[in-house]
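Please find below my note on the model under review. It is arranged as numbered points for discussion.

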Amino acid sequence: MTLNIPEYIFRYVFWEFKPSIDGFVYCRPIISIDNKHVYGKYDIKILIVVAINVNESIFPIAFAICSNKSQETWTWFLNHLKEHVVRQHSGICLISDRHGGILSYVQTLDAQKEPYAYHHYCVRHLKANIQRAHLNKSLHYLMWMATTDYQECKFRMQMELIRQEYEGAYRWLMQHEIDKWTLHKDGGRRWEILTTNVSESFNALLKSVRGLPVTAMVHMSFKQMAERFVERSCSASSLL
């Protein structure tokens, strides 16, 4: 007799902690998303959402583990993020790389478009994209100067230098909405945060977690969060 044993395949899991959700109300209206490959037996990814509090400190919000990065995965993840984290808050700015799944989600949902929400690119990822075709330190410097200049005239001056030296790089950059990767056009929405480094910094703290079973990753993330809240509470009490 043949037994029909059902086969279960892990796809993804999303989790968060209530103190983080409650504390997000007091953070700047900006969130950063990062993802890292999980080392070990299974080929899975860990996603981390981080905010910045008014003291300019990293404030972890939510976590997820998924089997791959696809449009379906990013849609699932960002829907949970909106439902459980962002919720009724309007005008939140999302900083991420330009993964197709993220771009598709942002472009197809009215609730994720301005003025309800804003999406800006991580400049470091943008720079990495362009450097694949143009490996040049001078281009790296000119692009960074163009991105961080607050005055439009200075931005145009830097872009003209790029155009003269690297025509292909200039055309590629100008294909992307200027307000998504420059400070002078962002309307202050990104609070001078140009990259996803804030989320990657916390991701580095979880380096020891990667390679453990999924349940152990959840427990370890809780441990990291609990220690972080205790440390911040003690620091605030000492100031008082």
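This is a predicted model: local features need pLDDT of at least 70, side-chain atom pairs count only at pLDDT 80 or more; totals for chains, interfaces and linings use all residues.

1. Strand β4. This strand spans residues 58-66, and nine of its nine residues are buried, leaving it mostly covered. β4 is joined to strand β1 (residues 12-16) by five bridges, and the two run antiparallel. Within that pairing, tyrosine 12 faces cysteine 66 of β4. A further antiparallel pairing, of eight bridges, links β4 to strand β3 (residues 44-53). There, isoleucine 48 has phenylalanine 63 of β4 as its bridge partner.

2. The hairpin of β3 and β4. Four residues lie between the two strands of this hairpin, and glutamate 56 adopts a positive phi near 60°. A positive phi is also found after helix α2, where arginine 87 has a value near 50°.

3. Strand β6 covers residues 117-121; because five of its five residues are buried, β6 is largely enclosed by the rest of the structure. In a regular strand, side chains alternate between the two faces of the sheet. For β6, both faces are covered: Ala117, His119 and Tyr121 are buried on one side, and Tyr118 and His120 on the other. Strand β5 (residues 92-96) pairs with β6 in the parallel sense through five bridges. In this pairing, cysteine 93 has tyrosine 118 of β6 as its bridge partner.

4. Cysteines. How many disulfides does the structure hold? The number is zero.

5. Helix α2. This helix is formed by residues 71-86. Its buried residues are Thr73, Trp74, Trp76, Phe77, Leu78, Leu81, Val85 and Val86.

6. Threonine 195. Is this loop residue buried or exposed? Threonine 195 lies in the loop between α7 (167-174) and α8 (197-205). Its relative accessible area is 11%, so threonine 195 is buried.

7. Helix α9. With 26 residues, α9 extends 38 Å from its first C-alpha to its last, close to the 38 Å expected at 1.5 Å a residue. The residues of α9 that are buried are Met217, Ser221, Gln224, Met225 and Arg228.

8. The largest pocket. What volume does the largest pocket have? The computed value is about 320 Å³. Its lining comprises 16 residues, of which Asn53, Asn55, Ser57, Arg232 and Ala236 are the closest to its centre. Both β4 and α9 (214-239) contribute at least two residues each to this lining. Which element gives the most to the lining? That element is α9, with eight residues. Sorted by class, the lining has eight nonpolar, five polar and three charged residues.

Technical notes:
Residues are numbered from 1 along each chain as its sequence is written. Side-chain values use heavy atoms; hydrogens and water are left out. A disulfide is a pair of cysteine sulfur atoms within 2.5 Å. Buried means under 20% relative accessible area, exposed over 50%, partly exposed in between (1.4 Å probe, protein chains only). Two strands pair if DSSP finds at least two bridges between them. On a 1 Å grid over the protein atoms alone, a cavity is a set of points where a 1.4 Å probe fits but cannot get out, and a pocket is an open set with protein on both sides within 12 Å along at least five of seven lines; lining residues have an atom within 4 Å of a point. Grid points are joined across faces, edges and corners, and a volume is the space filled by probe spheres set on the points. Ala, Val, Leu, Ile, Met, Phe, Trp, Tyr, Cys and Pro count as nonpolar, Asp, Glu, Lys and Arg as charged, and the others, Gly among them, as polar. The expected span of a helix is 1.5 Å times one less than its number of residues.
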